[in-house]
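Keep the model open as you read.

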Amino acid sequence: MKFIPILILLTLICSSVVWAGDEPPTPISNKEAIELVQTHANYMWTLVAAALVFFMQAGFALVEAGFTRAKNAVNIMMKNLMDFSIGSIGFWAIGFGLMFGATKTGWFGTTGFFLSDFQVPDGDPWVLAFWMFQVVFCATAATIVSGAMAERTKFSGYLIYSIFISVLVYPVFGSWAWGSLFNGSGWLEGLGFIDFAGSTVVHSVGGWAALAGAIVLGPRIGKYMPDGKIKPILGHNIPLAALGVFILWLGWFGFNPGSTTTADKSIAMIFVNTNLAAAAGAVLAMFVSWMKFGKPEASMSLNGALAGLVAITAGCANVSPASSIIIGAIAGILVVFSVLFFDKIKVDDPVGAISVHGVNGAWGTLAAGIFNIGGTTGKIIGVQLIGIGACFVWTFVVAFIIFKVVDKTIGLRVSPEEELEGLDSTEHGGNAYPDFAVSTYAQK
């Protein structure tokens, strides 16, 4: 014990020694210190937000699995795993450069491929943090399509599509609206287009691509009867879907506030707006389904929350909390009638992805102009409508062509026998629930 004071003294002496040849650290001013702390906080917030958005991939997988039949659960997990994995590599190689590279035309970037904006070892690491945040957004757009095409899509065909949305469809439109966030400058943002976190850039791109895919594929066997009646094909696990929605709700607190890429006070209102819109969407969808069907329908209520989240994504930073409730409430109403509409015209969307993301992405983008805190004008509304229209035309047309080409070459849809047996077995040789017997209904 008597040696402890001596050891402490030696430690203090050694820690204060500056070895010969070493230079003491350069002192910095208070202003520089504050800027350094802010910079580090920005990195931390952006990467934490990216992690939250990545966790949304789990939410999408659970929602899709819960809303569909047990015989396809493994296939759904594989699609959600692979569209992120393949999409990450494609976005690294090509997509990021097209979306955020320098451009002279405003149509797409021509630099920054293979993350060439970062040079080892002395490159600016901000490009890495920014890329990480953007790649999880790209994955969100890609995985939205999976739900609308569930239970009848060839896995190989889906992989081909995932490549193209990550390297072409999403990045090109993204460059029009968000290019200036890094090195680019898009023609649409030059008009004053408002889409803070991606109601159109992310969600409508995914939703309109989903619409193209669902049309090319056609409906599931037994969904629409010869006499014109619509046969409900029930999901096998609504609690699983509900868990997915809660995960997505949580992830959206990274999606919207994280789009500041800055750790400052502005994120407080974005958090509040995001939450209020989701809550209003869930409540209104519940009441509308209650009036339509005589019961407060769970799947519609869950999709109402997601619709509210999608709708507020564009205007989360430029509308008031009261406006966010209105935006979310209208989204909750829209999603119910939109799901019924697409069923009526025989576009089979097992999870309601087209209605949640496509339709309410468009509504949220328009609402960002209508409820703009700084005031609205005919020009603002006009620009918002131009952006909505440009997104639909670009995404739907290009995605439709991609799906048609895939369908005519390697094939997009599994055989009727494979569809009836289930894609877990026929596509992956697996079974999500090996200890449970498969009911006759689940095989139909």
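Helix H5 (residues 155-178) and helix H13 (residues 378-408) have axes that come within 10 Å and cross at roughly 155°. Helices here are DSSP runs of H or I of at least four residues, numbered from the N terminus, and axes are lines fitted to C-alpha atoms over the stretch in contact, with angles from 0 to 180 degrees between N-to-C directions. H5 and H13 are therefore roughly antiparallel (over 145 degrees).

Contact means heavy atoms within 4.5 Å; Gly-157, Tyr-161 and Trp-176 are among the H5 residues that meet H13, whose side includes Gly-387, Trp-394 and Phe-403. The residues of this contact divide into 15 nonpolar, three polar and no charged (Ala, Val, Leu, Ile, Met, Phe, Trp, Tyr, Cys and Pro count as nonpolar, Asp, Glu, Lys and Arg as charged, the others, Gly among them, as polar).

## Aromatic pairs

The whole structure holds 28 aromatic pairs (ring centres of Phe, Tyr or the six-membered ring of Trp within 6.5 Å; planes under 30 degrees apart are stacked, over 60 edge-to-face, the rest tilted). With centres 5.1 Å apart and planes at 25°, Tyr-161 and Phe-403 are stacked. Tyr-161 and Phe-403 are both buried (under 20% relative accessible area, 1.4 Å probe, protein chains only).

Trp-252 and Phe-255, both in helix H8 (residues 238-255), sit three residues apart, about one turn. Their ring centres are 5.7 Å apart with planes at 40°, so this pair is tilted.

## About the model

This is a predicted model, in which local features need pLDDT of at least 70 and side-chain atom pairs count only at pLDDT 80 or more, while totals for chains, interfaces and linings use all residues. Residues are numbered from 1 along each chain as its sequence is written, and side-chain values use heavy atoms, leaving out hydrogens and water.

Terms used
Helix = DSSP H or I, 4+ residues; strand = E, 2+ residues; numbered from the N terminus. Parallel < 35°, antiparallel > 145°, perpendicular 65-115°, else oblique. Buried < 20%, exposed > 50% of the residue type's maximum accessible area, 1.4 Å probe, protein only.
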